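Me: I am new to this structure and would like to go through it step by step. Could we look at it together?

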Amino acid sequence: MMKNTVNDEMPLVDHLQEFRRRLLACLAVVAVTSAIAYAYVDELIALLSEPAGKLYFMNPAEVFFSYLEVAVFTGVLTAFPFIFYELWAFVRPGLRAAERKLLCRLLPAGVFLFYGGLLFSYFLVLPAAVRFFMGFATETLQPMFSLESYLSFFVALVLPFGIVFELPLLLLFLARMGIVSAAMLRQKRRLLIVFAFVFAAVVSPTTDIFTQCMIAVPMILLYEISIVLVKWLIQK
């Protein structure tokens, strides 16, 4: 009886060991890419701060830790395809053949959409948000962004778009598995609109409705695009 119990537990132990191995591999790659990013941290900060212009720091330690934050953030983004692959390799044995085939087609698109969301936010959303907030400046009230606060604002505003842009891919996968349909998605449209604004309120770096709309509206548009894609690609 004891022998059977041990044998039954072995697959779980092997599963945890594989998870640990893949996690350590991801951390090692992130460490390497972060170290490389740190060598170019001045150029990276100049690129990230371009929409806001000149930044300031309030104490010497702020610069050091902000440099580390930028390096690690860049390292994670650079290592994202490797992390995505390790996640796929970890869950692959538990998937059915049809699910494996479908994910093999969708995963490259997932990486593309993630980076596309980041670029969309950096080139369109971030500059618009900065201009909006700088519009409150007056002769006696001038904007002066600190390095730490701006980087926090940048990450909190840009990163959610990498996640939001995965929405069409997720809905296509669910439709291909027969879990959702175009008709069902149309019926749930109002629920998605509510969820989009709740999500925007949670992840938004500020509490103003402008920034929340900048996050929620693209999410709603992607949902509408997903309905069309499900109808024409899955249910054609």
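Me: Is E224 buried, partly exposed or exposed?
Reply: This is a predicted model, and in it E224 is partly exposed, with a relative accessible area of 27%.

Me: Which residue does the side chain of E224 meet in a salt bridge?
Reply: The partner is R189, and the N to O distance is 2.6 Å. The two residues are 35 apart and link distant parts of the chain, with R189 in helix α8 (residues 189-203) and E224 in helix α9 (residues 209-234).

Me: And R189, is that buried or partly exposed?
Reply: R189 is partly exposed, at 29% relative accessible area.

Me: How many salt bridges are there in the whole structure?
Reply: A search of the whole structure finds three. Besides the pair already discussed, R22 forms a salt bridge with E18 (3.1 Å, N to O). R22 also forms a salt bridge with E86, where the closest N and O atoms are 2.9 Å apart.

Me: What do R22 and E86 tie together?
Reply: R22 lies in helix α1 and E86 in helix α3 (residues 60-91), so this pair ties together parts that are 64 residues apart in sequence.

Me: How are R22 and E18 placed in helix α1?
Reply: They are four residues apart in α1 (residues 2-39), which means that about one helical turn separates them.

Me: Which residues are linked in a network of salt bridges?
Reply: The network links E18, R22 and E86. Of these, R22 is buried, with 14% relative accessible area, and E86 also counts as buried, at 9%. E18 counts as partly exposed, at 21%; the cut-off for buried is under 20%.

Me: Back to α9. How far apart are its end C-alpha atoms?
Reply: They are 36 Å apart.

Me: Which residues of α9 are buried?
Reply: Among them are T211, Q212, I215, A216, P218 and M219. Further along, the buried residues include L222, Y223, I227 and V230.

Me: What covers those buried residues?
Reply: The cover includes α4 (97-134), α5 (147-164), α6 (167-176), α7 (182-187) and α8. Helix α8 is also where R189 lies, the salt-bridge partner of E224 in α9.

Me: One last point: what does a side-chain oxygen of D208 reach at the start of α9?
Reply: That oxygen comes to within 3.2 Å of the backbone nitrogen of F210.

Note on methods
Residues are numbered from 1 along each chain as its sequence is written. This is a predicted model: local features need pLDDT of at least 70, side-chain atom pairs count only at pLDDT 80 or more; totals for chains, interfaces and linings use all residues. Side-chain values use heavy atoms; hydrogens and water are left out. A salt bridge is a side-chain nitrogen of Lys or Arg within 4 Å of a carboxyl oxygen of Asp or Glu. Buried means under 20% relative accessible area, exposed over 50%, partly exposed in between (1.4 Å probe, protein chains only). The expected span of a helix is 1.5 Å times one less than its number of residues. Contact means heavy atoms within 4.5 Å. A polar contact is a pair of N or O atoms within 3.5 Å; within protein, one must be able to donate a hydrogen and the other to accept it, and residues adjacent in sequence count only if both atoms are side-chain atoms.
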